[in-house]
Amino acid sequence: MLIKVVDGVTIAQMLRRVDSSNAANIDAVLNLELEKGASPILLDFTHTEFLSSAGIRVILKARKYLAAHGGQLALCGLAPILMDILDLTGLVPLLDLYKDRDTALAAIGASGS
């Protein structure tokens, strides 16, 4: 997973698959960013083809931490199948979702400033 900061937004480029084989590592990397005070955080799923319950747990854990600390988590670039997964789990209303990185950066970069 690649992490970079653009205009004050920490962007995590998610892997092709986010599942039990890598969720702990993704969680550890995000925790390091959270401990550094990173916010807002944008999870970019542009290249992600699969999201398991372990991946959903990572998202929810980061969201919970940021909400408790006045931060913001957003997701972008979700393929229709990933949107279906989030919809079926009832998470869509709880998450800040954006079509692509540019749209997300415009929205959360402005609100995070």
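Helices (H or I, at least four residues) and strands (E, at least two) are DSSP runs here, numbered from the N terminus. With that settled, here are my notes on this predicted model.

1. Overall make-up. The protein chain holds four helices and seven strands. Read from the N terminus, the order of elements is β-β-β-α-β-β-α-β-α-β-α. The radius of gyration is 13 Å, close to the 13 Å that the globule rule gives for 113 residues, so the chain is as compact as a globular protein of that length. Along the principal axes, the C-alpha trace spans about 30 × 25 × 25 Å.

2. Of the 113 residues in the protein chain, 41% are buried. Among contacts with a separation of 6 or more, 70% are between residues 24 or more positions apart. The chain exposes about 6,000 Å², and 55% of that area is supplied by carbon and sulfur atoms. On the charge side, you will find 10 positive and 12 negative side chains, with the centres of the two sets 5 Å apart.

3. The loop at D7. Do have a look at D7, in the loop between strand 1 (2-6) and strand 2 (9-13). Its phi is near 50°, which is a positive value in a residue other than glycine. The relative accessibility of D7 is 74%; the cut-off for exposed is over 50%, so D7 counts as exposed.

4. The cis peptide bond. S39 and P40 are joined by a cis peptide bond, with omega about 0°. P40 belongs to the loop between helix 1 (23-35) and strand 4 (41-44).

5. D27 sits in helix 1. Its relative accessibility is 12%, and because buried means under 20%, D27 counts as buried. The D27 side chain meets that of K61 in a polar contact of 2.9 Å. Setting aside residues up to four places away in sequence, D27 touches R57, V58 and K61.

6. D44 is part of strand 4, and at 2% relative accessibility it counts as buried. Two polar contacts of its side chain deserve a look: one with the side chain of T46 at 2.4 Å, and another with the side chain of R101 at 2.8 Å. Not counting residues up to four places away in sequence, D44 touches I11, A12, Q13, M14, C76, G77 and R101.

7. A104 in helix 4. A104 lies in helix 4, which covers residues 101-112. With a relative accessible area of 0%, A104 is buried. Once neighbours within four places in sequence are left aside, its contacts are L42, C76, Y98 and G109. For a sense of distance across the model, take A104 and V18: they are 86 residues apart along the chain, and their C-alpha atoms are separated by 21 Å.

Definitions and conventions
Residues are numbered from 1 along each chain as its sequence is written. This is a predicted model: local features need pLDDT of at least 70, side-chain atom pairs count only at pLDDT 80 or more; totals for chains, interfaces and linings use all residues. Side-chain values use heavy atoms; hydrogens and water are left out. Buried means under 20% relative accessible area, exposed over 50%, partly exposed in between (1.4 Å probe, protein chains only). The radius of gyration is taken over C-alpha atoms; the globule rule is 2.2 Å times the number of residues to the power 0.38. Contact means heavy atoms within 4.5 Å. Accessible areas come from the Shrake-Rupley method with a 1.4 Å probe; for residues, only the protein chains shown count as cover. Lys and Arg count as positive and Asp and Glu as negative; His and the chain ends are not counted. The place of a charge is taken as NZ of Lys, CZ of Arg, CG of Asp or CD of Glu. A polar contact is a pair of N or O atoms within 3.5 Å; within protein, one must be able to donate a hydrogen and the other to accept it, and residues adjacent in sequence count only if both atoms are side-chain atoms.
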